[in-house]
Every structure is written in C-alpha cells, then in structure tokens.
Amino acid sequence: MSLRAVLWDLDGTLTDSVRFVVDTANRVIEAHGGAVLDFESVGAMTGLPLEAIFRMAWPDLTPDDAQRYRTEYRDIYDREIIPATKLLDGGRETLHAFHGAGLLQATVTGNRAADCERILRGLGIASEIDVYLGGDSVPLPKPAPDLAQHAMARLGLGPTECVVVGDANADIAMGKAAGARTIQVLWGFARERIDGADLVVATWADLRETVFALAGRPNPILRDRGALGS
C-alpha cells in the first residue's frame, strides 16, 4: 500500500534541540547535587520520559522527587528552550513539500503535545501538521508502539500507509513495533545506522526523495524554498 502519512519525531529530527534537552536535564540534576551526565548518555534517552533521564543520576529516585524534577525541567523548557528552538535547515522546505503533495503529517515526539504544537506553530508551521501528539498523548511512551498507533488512528490510516521518521533508537523501535516503515535521519543524535531501521538518509534531499518514492509521487523541485541539497 502506498505511503500516505509521515509521523515525525521532533528533537534532533525536525528541530535542533537535543543539546537543549541534555543541558536542561543537567541543570536540574546539578541543582540537586547530582553528577552531570554526559551528552551521549542523555542524548540516547531522547524521546523517553524525563524520569528515565533523572533515574540515571539517582537510581533510587522517588515518585515525589521525579515529579519535582519534571516540574523544574518544564519551567526551564517553557521559559528558555521553546523560544530558542529552531527548525533544522531543510525542515521547513520538506514539511511544505510533503503537505503540498497531499501527504498527511503528525508529530510523535516524547515532548508534551502542547509544547510540540507551540514550538512548530511559533516557527510558522501551522497548516502542515495535521495532528500534534506527544508523550502525554498515550499511556505508554516510546519505544512502545502506542504513540505511533494513536497517530495512525487519528489520521484514519493503517501501519503500511505510514512512515516514522526519527533520529534515535526509541523512534525506530516505536515505528517497528507499530508495524510502520521507518526512516532514520543521520543529522540527529545517532550518526550510525540504528538496528532495525528500514531506510537511512543523510540529507533532507534524500529524505524527500525517499518519501516521495514510497508514496509513488513525483519529487517537486524546491525552487523557492531552499537549495535542492538542503
């Protein structure tokens, strides 16, 4: 069955924000006397619940402390990170191209759905995204299939009509568990092929070509929206 929808991860896939996630988590950890976590360790957790990151610093983390640290993280995120988050070069053009070709698009990020929508609408991505979903949209977070499955249900599509695009293990594992095809992008956290990824792309041009091939549609020439190689 031809592809009809693209399910997007956010941090590291559409937005240049993995470093923000790592730095904000470490600010909270340091404020409570914890040892700073290295970028690779935290980056690998992108898309998972914040509690999983904080538990790396405190294996015996209590529910009350987890809630307090989440609140502090989100206060910083709302105040500083959302205004500073930018689309990666090539993201805007690609979202426009997919929307213009009639492909449906949804977010399947570990962030809260409202935060994701606030970020993308603030960046001028209003009509391109049909469904904004986040980690708080379903009972089980990535790498469980729930988030991708919920997106499919909201779009009225089956797994074979959707592709999950992401940069981390949790994204690929979620997509595979949901029965969707998966595309790993190499400009985010993971710079080597993730085990289980159906397809791997290194540039936005490669991503557009791959998605349009899966959809059986011509790849438009982006004359007014950036360089073809972006």
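The lining of the second largest pocket holds five nonpolar, three polar and four charged residues (Ala, Val, Leu, Ile, Met, Phe, Trp, Tyr, Cys and Pro count as nonpolar, Asp, Glu, Lys and Arg as charged, and the others, Gly among them, as polar). This is a predicted model, in which local features need pLDDT of at least 70, side-chain atom pairs count only at pLDDT 80 or more, and totals for chains, interfaces and linings use all residues. Residues are numbered from 1 along each chain as its sequence is written, and side-chain values use heavy atoms, with hydrogens and water left out.

Select the lining of the second largest pocket, which includes Gly12, Asp16, Phe39, Trp187 and Arg191. Helix 1 (18–31) and helix 2 (39–43) are the elements that give two or more residues to this lining.

Next, select helix 4 (63–84), which gives the most to the lining of the largest pocket, with four residues. That lining divides into 12 nonpolar, six polar and eight charged residues.

Move on to strand 5 (residues 181–185), where four of the five residues are buried (under 20% relative accessible area, with a 1.4 Å probe and protein chains only). Helices (H or I, at least four residues) and strands (E, at least two) are DSSP runs, numbered from the N terminus.

Glycine 166 stands opposite glutamine 184.

Finally, show strand 6 (residues 199–201), parallel to strand 5 and joined to it by three bridges. Here isoleucine 183 faces leucine 199 as its opposite residue.

Methods
Buried < 20%, exposed > 50% of the residue type's maximum accessible area, 1.4 Å probe, protein only. Pairing = 2+ DSSP bridges. 1 Å grid on protein atoms, 1.4 Å probe; cavity = no way out; pocket = protein on both sides within 12 Å on 5 of 7 lines; lining within 4 Å.
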